[in-house]
Amino acid sequence: MTDAALPARPHRKARRMRQTALVYLFLVPGMMVFGAFILWPLVASEWYSLLDWSGFDANPVFVGLANYRELLGDSYFWDAFRRSFIFMLATVPAQMAISLVLAVMLNDKLLKLSSLYRTLIFLPVVTPVAVIGIVMTLMLSPFNGPVNMALLDWGLTQRTIDFLGSPRLVLWTLAVIYIWKWVGVTMVYWLAALQTVPAELFEAARLDGVTGRQVTMYIVLPMIAPFAVVIALISAISAMNVFPLVQAMTQGGPFYSSEVMEVYIFRTAFASAAGTVPRLGYASAAGVFFGLSIMVLTVFQILALRQARRQGGDQ
Amino acid sequence: MPDITTMNRRTFLAGTTALGALGITGAARAQDITIPAPIADIPTDAPMRWIDTGDQKAVFYRDFFARYTAERGVDVVYDGLPWSELNTVVPLGIRNGTAQDAFVLPSSVPPAFAVRDGWVQPYDGLIPDLEAWKGNFPDGSFIEGLNVFEGKTYGVPYTSALVSGAHLLFNRDMMANAGFDPEAQPLTWDGFREAARKITESAGGRAYGFIIGGAQVGRWSEVVRTLGQMAGAACGKVSIAAGVDFRTGKVIWNADEFVAAVELLLAMNDDGSVFPGSLSMTAPQARAFMPQGAAGMILQGPWNIPVWERENPDFNFGIAPPPAPEGATGKIITGELAEPGNTMFINAKAKNPLAVADVVHYLGTVEGQTAWANVVGPSDPPLFPEALERSSMSKRSTAVLSMFRDIVRVGPNPFARNPELSEVAKAYVEPTPSLASTVQGLFAGQLTGVRENLDILTEATEAALDKAFDEARANGANVSRDDMVFPNWDPARNYVAADYAEL
């Protein structure tokens, strides 16, 4: 170290401090938004879940864990809870598989009009759920709905099918619509993952006379496998947040057969049909319980991700 | 090939004529709204904010408030929101101190509760000669425990509750082809089923006899309650009074009339007369199929009439009472004469309470009521009978309101008898499944056994009521299940102040 460098130290320290302060300053808006819209509601719902409270009564009553005890004995809560997980298990693997196939196809440099296909696949993602709700209700209508008309014309059914009015079909119908709407996002994740596969590998494989299928099976898929855990995690959490779609299309019906957790929470918190007082405390308990369940799921997935990374490192 | 130039000219002429006619009609309507002299010096330094459930009311208020602002110099902010949003916006506003100056109470908040918790302030002292002005209203508009508390007037109603949300609206041509004329002879249940079957058969799959917006769960309770009441079952409508026969104080959802009403709907479904997809459509979606000729009958409210007349002027439809079994003389029961959902309250922290009182005062005059009737029509009919006579509503609209006077009766209101029942309402948790969900479940095939399920519902509702009463008593409220018993109630006539006094 030279003598000339010595006087610069305080300057550097001050500059670093200024930079650090600037970083924190830039973080403030984000933190404020995070605090107001994520942290505060999170903490508040935990507190509300311990109250017998309608949401507007000036004197909420502290009831401890009574809401949770009631929740555990509520069969409609467990049904909604089960449905949410069934929905997730039905949609995530299908969504990931379909989007992966699409991504691999669109990643092929030889494919013409790939930008157009990407846009078309991504279009439902940016379409408002309310619009999708209306359009899909018309498409699936048993009265002159194009889907039913096509099924009849092709002889696949003898009578029209009430996709959204049948308790047996409604959840699966919603699952298909959900996959169609969101497959574009998952496809983008996969496309990003595919960008990480070095071009030299493709070149080497080509020189070795490897077929396209073999490239996919033995080069691409193993290399993007670690991303699958992250994509699965994001997709699983998204599949738990289906309130707008379900509310727009079935409102949880008929007779609760498409009532997933978010719709259950909304119903108990705000949407009593007979004008009875809402139960914000009880709904909060359901929300907290469900949130914790998702958190447990997330922890498992993070552990799986670490495991995948470790295995990737071993290789 | 048509001469495009000529066509354009014709179209232009037709368009300008239509616009001219519309302008004349609009002007005629606008001229009906004359802002009267103010009731006092209205402050102009603070805006007046007003919230209600919008819809056709919003059409009136947007025009009225524009004129009011021009006349008085008071800025008005009007919000018309659906119930689902109003139910959360108003309580949040009260908590945050940002609630509007004037509001209707959320459907789950009894007026006694709002008064007790200091949400609202009385009109006393704001409207001059309040009692004389209230004297213009029909008897039964102001009732202690509903909108008057300890002699002070907190809520002012201005629309009638003598409305059915499930009367018959039908396609006249289809009905005539089926051999029925409900306007001359109201349909019996057998006739209703038969007409639906015949309409369906003659349409050969292009139309169905009956349609219902069954995804909107409340439609099921509205229709079944109406059919059951027309058959002779008599009970309350909402909150802790829902399903309670006030003669005994007991819940009667499993009465023969309600069981038969549900069975009627299921039988029509078995006949294939119900529009396919009814379980997955909302009430507005169902309503939209009627003018298209896709369904022959619907049980809904009078709000359809102005919409269809305006948007589908060629649609030949009629109105009639809800079907009833042969010889039945039942009535539809409502909790009060004046519609609580259109009763305006003044925020206790209102920035411009005088402006609210000024507007409400106008709405409580024959002129205001007439102007209201001309714009809002039968969906929220005016409270003053004179306004109905003076209004320029369509023939169908006046006919439907006249019909309601025959088939709707004001029943007892337990809250008017004991305002402390608001504590019970606060503690009451509606059983799951409710009447609405139970009927939907039966229709969807998720539940089987009409009587068995209505028995379960009745038992659950009784238990929920008992629990709520116990809880309210534990919190110090002086209430009893006897508060729901009105031995002098005759469902065939309106329950009036003298009847309360007799108890």
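Q: A residue counts as buried if 20 or more other C-beta atoms lie within 10 Å of its own C-beta atom; which residues of α7(B) are buried in this predicted model?
A: In α7(B), the buried residues are B:Trp189, B:Phe192, B:Arg193, B:Ala195, B:Ala196, B:Ile199 and B:Thr200. They cover an arc of only 165° around the axis, and therefore they lie on the same side of α7(B).

Q: How do you know that the span of helix α7 of chain B agrees with what its number of residues leads one to expect?
A: The helix holds 15 residues (residues 189-203), and at 1.5 Å a residue these should span 21 Å.

Q: What follows α7(B)?
A: The residue after this helix is B:Gly204, which has a positive phi, near 55°.

Q: Why is B:Val400 called buried?
A: The cut-off is 20 or more other C-beta atoms within 10 Å, and B:Val400 has 25 of them within that distance, so B:Val400 is buried. B:Val400 is placed in helix α15 (residues 395-407) of chain B. If residues up to four places away in sequence are not counted, B:Val400 touches B:His167, B:Pro302, B:Ile305, B:Ile319 and B:Pro378.

Q: What makes B:Ser280 count as buried, and where does B:Ser280 lie?
A: B:Ser280 has 26 C-beta neighbours inside 10 Å and therefore counts as buried, since the cut-off is 20 or more. B:Ser280 lies in the loop between α9 and α10 (283-289) of chain B.

Q: Which residues is B:Ser280 in contact with, leaving aside its neighbours within four places in sequence?
A: From chain A, the contacts of B:Ser280 are A:Thr137, A:Asp162, A:Leu164, A:Gly165 and A:Thr250, and from chain B there is B:Ala215. B:Ser280 and B:Gly213, though 67 residues apart in sequence, are 7.4 Å apart in space, C-alpha to C-alpha.

Q: How many residues does each chain give to the contact between chain A and chain B?
A: Chain A gives 30 residues and chain B gives 39 residues. On the side of chain A that touches chain B, 15 residues are nonpolar, 13 are polar and two are charged.

Q: Which helices of domain 2 of chain B each supply at least two residues to the side that touches domain 3 of chain B?
A: The contact takes 18 residues from domain 2 of chain B and 17 residues from domain 3 of chain B. On the domain 2 side, α8 (218-231) and α9 of chain B each supply at least two residues, and α9(B) gives the most, with seven residues. The residues of this side of domain 2 of chain B divide into 11 nonpolar, five polar and two charged.

Note on methods. Residues are numbered from 1 along each chain as its sequence is written. Chains are lettered from A and ligands numbered from 1 in the order in which they are written. This is a predicted model: local features need pLDDT of at least 70, side-chain atom pairs count only at pLDDT 80 or more; totals for chains, interfaces and linings use all residues. Two residues are in contact if their C-beta atoms, placed from the backbone, lie within 7 Å. Ala, Val, Leu, Ile, Met, Phe, Trp, Tyr, Cys and Pro count as nonpolar, Asp, Glu, Lys and Arg as charged, and the others, Gly among them, as polar. Helices (H or I, at least four residues) and strands (E, at least two) are DSSP runs, numbered from the N terminus. The expected span of a helix is 1.5 Å times one less than its number of residues. A residue is buried if 20 or more other C-beta atoms lie within 10 Å of its own, exposed if 12 or fewer, and partly exposed in between; C-beta atoms are placed from the backbone. The arc is that of the directions from the helix axis to the C-beta atoms.
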